[in-house]
Amino acid sequence: MYEHMIELGKSIQLIDPKNKIDSNLIKGCQSKLWLFAELKNGKMIYSADSEAIITKGIAAVLLRAFSNQTPLDVLNADLTYIDEIGLKEHLSPTRANGLVSMIKQMKYYALAYSNK
Amino acid sequence: MVFDINKIREDFPILKRKVNGNNFIYFDNAATSQKPNLVIDSIVDYYRNYNSNIHRGVHTVSQEATDAYEGARIKIQNHFNVKNSYEIILTSGTTHSINLVANGFLDILNEKDEIIISGLEHHSNIVPWQMMAKKNGAKIKVIPINENGELDMKVFNSILNKNTKLVFVNHVSNALGTVNPIKKIIQKAHKVNAAVLIDGAQASAHFKTDLQELDVDFYTTSAHKLCGPTGIGMLFGKEKWLKKMPPYQGGGEMISDVTFEKTTYAELPHKFEAGTPNVSGAIAFGFALDYLNKLGFDNIEEYESSLLKYATNKLKNISGLKIYGEAKQKTSVISFNVNGIHAYDIGTLLDKFGIAVRTGQHCAQPIMDHFGISGTVRVSLTFYNTKEEIDKLYNSLKQAISMLR
C-alpha cells in the first residue's frame with residue numbers, strides 16, 4: 001500500500017512554486033500540504049505538493065480522480081470511491097482528516113469556479 | 001537485584017501484541033508509558049471491591065476508599081521526600097498542575113514583575129504563563145538553548161534580576177531528553193527571592209528526585225508517564241506558596257463553610273482539590289510508584305543509560321541521520337531527522353514494521369524553531385525496551401529510507 005503511495009508521491013505533478021504559499025496550505029495535516037486549483041477550458045486543474053512523500057502520494061490519488069473534470073462533476077463526485085480503494089481504512093484518523101480536508105478544499109475550489 | 005528484562009516484560013501484557021503482523025515495539029514512552037499488571041489490577045480491584053466516594057462518607061466502604069486515596073498521597077510524599085503530605089496536591093496531571101499555579105499567581109504578580117521561561121519547555125509550561133501575563137502584565141523572558149539542546153546558563157544569569165519572581169524549567173526536555181541543571185537554577189533564583197517551578201513530567205519515570213534536598217518551590221508530574229494511568233498527577237508546592245495562592249476550582253470538598261453571603265475554604269491540600277477526585281487513578285499512581293521502586297531506580301537508570309548508548313551508536317551509523325540535542329546529560333530519548341526525508345514519512349513506515357515512534361513538534365515549537373526544522377522523529381526508550389528492539393528499529397529504518405529516497 002505504502003509502496004504505491006511513495007511511487008505516486010515521487011511522480012506527482014508539482015505545484016508552481018509561486019502557489020506554494022501559506023494561504024494554499026491544507027489544515028489538518030502533520031506535514032505541509034499545498035493545494036492549488038485553476039479552471040482551464042472549463043475543466044478543473046489541481047496541483048499539489050507536500051513535504052512528506054506519502055502525503056504527496058495520497059494527494060496524487062486525489063488529483064488523478066478529480067483533476068480534468070468540470071466543476072460540477074467535482075462537486076457531485078461520489079466519495080465512496082475512497083473507501084472502495086481502501087484509502088480511508090489504511091489511513092489513521094489523523095491522516096484521514098487531512099484527506100477529508102483536502103477533498104473539501106477541492107470542492108470549495110470547484111464551487112468557486114462553477115460560477116464562472 | 002538482578003535486572004531480568006524478560007521477567008519485567010512479562011509484567012506488561014500489551015508488549016505481547018502484534019501490530020501490522022509484526023511484534024509491537026513501543027518506542028513512544030515519552031508520550032505515555034505502558035502499564036504493568038499491578039497497576040491495571042489495582043484499578044479493577046478498586047471498582048470491583050471498594051469503590052465509594054471519599055472523605056465525607058460515614059460508611060465502611062467509603063472509609064476504605066478514603067484510606068486508599070490518602071494512602072496514595074502518602075506514597076507520593078515519601079517517594080519525593082516531601083516534608084508534609086498536605087504539600088502534595090493531587091491533580092489531573094502536569095498541565096492541570098501548572099494552570100493551577102498560574103491561576104494562583106494571577107493576582108500576586110503585576111507589570112513590575114518578570115518571569116523566566118526556558119526555551120526547552122513543553123507548551124504546557126509556556127501557554128498558561130502567557131495567559132497569566134496577558135492579564136497581569138508580568139514580563140516574560142526566555143532562556144535560550146545552544147546547539148547541543150542545553151540551556152544557555154550565561155544568558156540565564158544575565159536575565160535573572162531582583163524583579164524576577166518566577167522561573168520555569170523542565171527537569172527533562174520531552175523533545176530532546178536534555179536533563180537540566182535545576183539545582184543550580186533553583187539556588188540562583190532563590191538568591192533574588194524568585195520561586196521556581198520545575199516540570200518533572202519526563203523526569204519521574206527515569207529517576208527519583210528528593211524535593212526537600214532540591215529546595216524547589218513547585219514540582220509537577222503526571223502518573224501516566226511513569227506506568228500509572230492517565231488523568232492523575234501531582235503538584236508539590238511549598239506550604240508558604242500554597243497558602244498564598246487562591247483556589248483554582250470552586251466546588252465541593254474544597255470548602256469549609258458555605259452560605260450565600262460568604263464561603264470559607266478548606267485547609268491544604270483539599271483547598272485545591274475540588275469535586276470528586278480520580279480515586280482509582282490516585283490509588284494506581286501509588287502502585288506505579290511501588291512497582292518502580294521495587295525494580296529500583298538505580299537499576300532503571302543504569303539499564304536505560306546502556307540502551308541509550310547502544311541506540312545512539314547504531315543510529316549514528318545511518319548516513320544522513322542527524323540527532324538533535326546531544327546534551328552531556330540526557331535521558332533515553334533520541335530525536336532525529338534523516339536528510340531529505342520528512343519525519344512523517346519515516347514514522348508512517350516504521351509503524352508498518354510495528355514500531356511506534358512519535359513524529360512532529362512534540363508540543364515544543366520553540367525548540368523546533370530554534371533548530372529551523374518542522375519536526376523530528378522521536379524514539380523514547382524505557383526499562384522494558386530491549387537491544388533486540390533497537391536492532392529491529394535500525395533495520396526497519398534503513399529499509400524505510402531506501403524506499404523513500
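**A walk through strands, helices and loops**

In chain A, strands β1(A) and β2(A) form a hairpin with two residues between them, and Asn41(A) in the turn has a positive phi of about 50°. The model described here is a predicted one. Strand β1 (residues 33-40) of chain A pairs with β2(A) in the antiparallel sense over eight bridges. Across this pairing, Trp34(A) stands opposite Asp49(A) in β2(A). Strand β2 (residues 43-50) of chain A has six of its eight residues buried, so it is largely enclosed by the rest of the structure.

Strands of a sheet pair through backbone hydrogen bonds, either parallel or antiparallel. Here, four strands of chain B form an open sheet in the order β13-β14-β17-β16, with antiparallel pairing. At the edges stand β13 (321-324) and β16 (358-360) of chain B; each has a single partner strand, so one side of each is left without a neighbour in the sheet. On average, neighbouring strands of this sheet are turned by 30° against each other, direction ignored. The partner of β16(B) is strand β17 (residues 376-380) of chain B, and the two pair in the antiparallel sense over three bridges. Within this pair, Gly360(B) stands opposite Thr376(B) in β17(B). Helix α12 (residues 343-352) of chain B lies across β14 (333-338), β16 and β17 of chain B, and runs at about 160° to β16(B).

Another helix of chain B shows how a helix can have two distinct sides. In α7 (residues 182-191) of chain B, the residues Ile182(B), Ile185(B), Ile186(B) and Ala189(B) are buried. Seen down the axis of α7(B), these buried residues fall within an arc of 100°, so they line one face of the helix. The face turned away from the buried side of α7(B) carries the exposed residues Lys184(B) and Lys191(B). The cover over the buried residues of α7(B) includes β7 (164-170), β8 (195-199) and α8 (211-214) of chain B. After α7(B) comes Asn193(B), whose phi is positive, near 60°.

Lys7(B) belongs to helix α1 (residues 5-10) of chain B, and it counts as exposed because it has 9 C-beta neighbours inside 10 Å. Although Lys7(B) and Tyr384(B) are 377 residues apart in sequence, their C-alpha atoms are 9.6 Å apart in space. Thr276(B) lies in the loop between β12 (263-265) and α10 (279-295) of chain B. Thr276(B) is exposed, because 12 other C-beta atoms lie within 10 Å and a residue with 12 or fewer counts as exposed. Thr276(B) and Leu166(B) are 110 residues apart in sequence and 31 Å apart in space, C-alpha to C-alpha.

How values were computed
Residues numbered from 1 in each chain as written. Chains lettered and ligands numbered in written order. Predicted model: local features only at pLDDT ≥ 70, side-chain atom pairs only at ≥ 80, totals over all residues. Buried ≥ 20, exposed ≤ 12 C-beta atoms within 10 Å, placed from the backbone. Arc of directions from axis to C-beta. Contact = placed C-beta atoms within 7 Å. Pairing = 2+ DSSP bridges. Axes fitted to C-alpha atoms, helices over the stretch in contact; angles between N-to-C directions.
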